Amino acid sequence: QLQQLTHHALNGKHFIVTAGGTKEAIDPVRYITNYSSGKMGYSLAQALVENGATVTLISTVDDLKLPFGVKYIAVSSAEEMRNAVELAFDQSDGLIMAAAVADYRPENVAQQKIKKQTHDPMTMTLIQNPDIVAMMGAKKAKQIVVAFAAETQDLLKNAKAKLLKKNADMLIANDVTAVDAGFGVDTNRVTILQKDGDSISLPVMSKIEVARQIVEHMIINMTKE
Ligand code: CTP
Ligand code: CA
């Protein structure tokens with residue numbers, strides 16, 4: 001009976017999950033990106049579906065197995081991801097921002113392939129991308145907003161500041177210097193920070209297990225309110 005209940009906890013709810021590192025064009029053949037694999041986002045989509053939710057996955061990567069029933073939207077840049085998230089957000093019950101959004105993009109995208117220069121070094125001006133999760137955090141109504149934080153130092157201090165700055169309900173803090181956590185690997189070790197100040201440190205586990213824990217805590221939060 002309990003098993004039945006937990007598996008239907010998110011029936012009728014719709015969530016947006018973002019996954020992967022954004023690609024910021026330099027010219028027709030080059031871009032700036034990062035090492036994000038998208039695995040955490042795909043695992044979260046699966047964990048949500050397992051609990052009866054409908055999911056829109058907005059992703060820069062398509063080389064992972066799409067969980068059954070998930071609606072997939074392909075994007076490349078942070079701008080494209082922002083537009084896709086904005087379009088879906090008002091009709092959603094929540095957003096999990098697992099994507100690694102590039103903080104900056106080239107100010108100008110060259111129309112033609114940039115030629116090797118005769119002078120050295122060559123420089124390129126970068127401008128800031130929109131902070132997608134902060135924008136949604138600022139305008140959320142009923143939605144639960146979950147952000148991630150990849151840190152290489154002062155994990156909890158930086159993560160707490162991010163939770164507040166982005167007006168998130170939960171923040172998943174990730175020490176990306178650990179060999180068993182973060183970019184590209186199948187395991188992760190995270191601390192879940194809650195808006196009310198609570199924090200839960202999880203041991204090293206597979207990304208799907210981490211995702212199931214995150215979703216369990218989302219369900220608890222949503223039934224509290
Ligand atoms: N994020 C976002 N839009 C951006 C940058 C980040 O929505 N332009 C989201 C990420 O998806 C993540 C959270 O913000 O959920 C934190 O990302 P992170 O890179 O750790 O934090 P930043 O606010 O970008 O700060 P910094 O990189 O300086 O640590
Ligand atoms: Ca960043």
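Mentor: Pro121 is found in the loop between strand 7 and strand 8 (126–128), where helices (H or I, at least four residues) and strands (E, at least two) are DSSP runs numbered from the N terminus. The peptide bond that leads from Asp120 into Pro121 is cis, its omega being near -10°. Most peptide bonds are trans, and most residues other than glycine have a negative phi.

This is a predicted model, in which local features need pLDDT of at least 70 and side-chain atom pairs count only at pLDDT 80 or more, while totals for chains, interfaces and linings use all residues; side-chain values use heavy atoms, without hydrogens or water. Residues are numbered from 1 along each chain as its sequence is written, and chains are lettered from A and ligands numbered from 1 in the order in which they are written.

Asp154 is not a glycine, yet its phi is positive, at about 45°. With a relative accessible area of 49%, Asp154 is classed as partly exposed (buried is under 20%, exposed over 50%, partly exposed in between, with a 1.4 Å probe and protein chains only). Asn167, also a residue other than glycine, has a positive phi near 50°. The place of Asn167 is in the loop between helix 5 and strand 10 (170–175), and its relative accessible area of 36% makes Asn167 partly exposed.

The loop between strand 6 (94–97) and strand 7 (104–106) contains Asp103. Asp103 coordinates the calcium ion (ligand 2) through two entries, Asp103 (OD) and Asp103 (OD), at 2.5 Å. Donors are N, O and S atoms within 2.8 Å of the metal (3.2 Å for Na, K and Ca), and water is not among the atoms, so sites may look incomplete.

Leu66 lies in the loop between strand 4 (54–59) and strand 5 (71–74) and counts as partly exposed at 31% relative accessibility. Leaving aside neighbours within four places in sequence, Leu66 is in contact (heavy atoms within 4.5 Å) with Tyr42, Leu57 and Tyr72. Ser43 is 23 residues from Leu66 along the chain, and their C-alpha atoms are separated by 9.4 Å. His217, by comparison, belongs to helix 6 (residues 207–224) and is buried, with a relative accessible area of 15%. Residues up to four places away in sequence not being counted, His217 touches Met170, Ile192, Gln194 and Ile200.

As for the whole, the protein chain has 6 helices and 14 strands. The C-alpha trace spans about 70 × 35 × 30 Å along its principal axes. Of the 225 residues, 44% are buried. Among contacts in the protein chain with a separation of 6 or more, 62% involve residues 24 or more positions apart.
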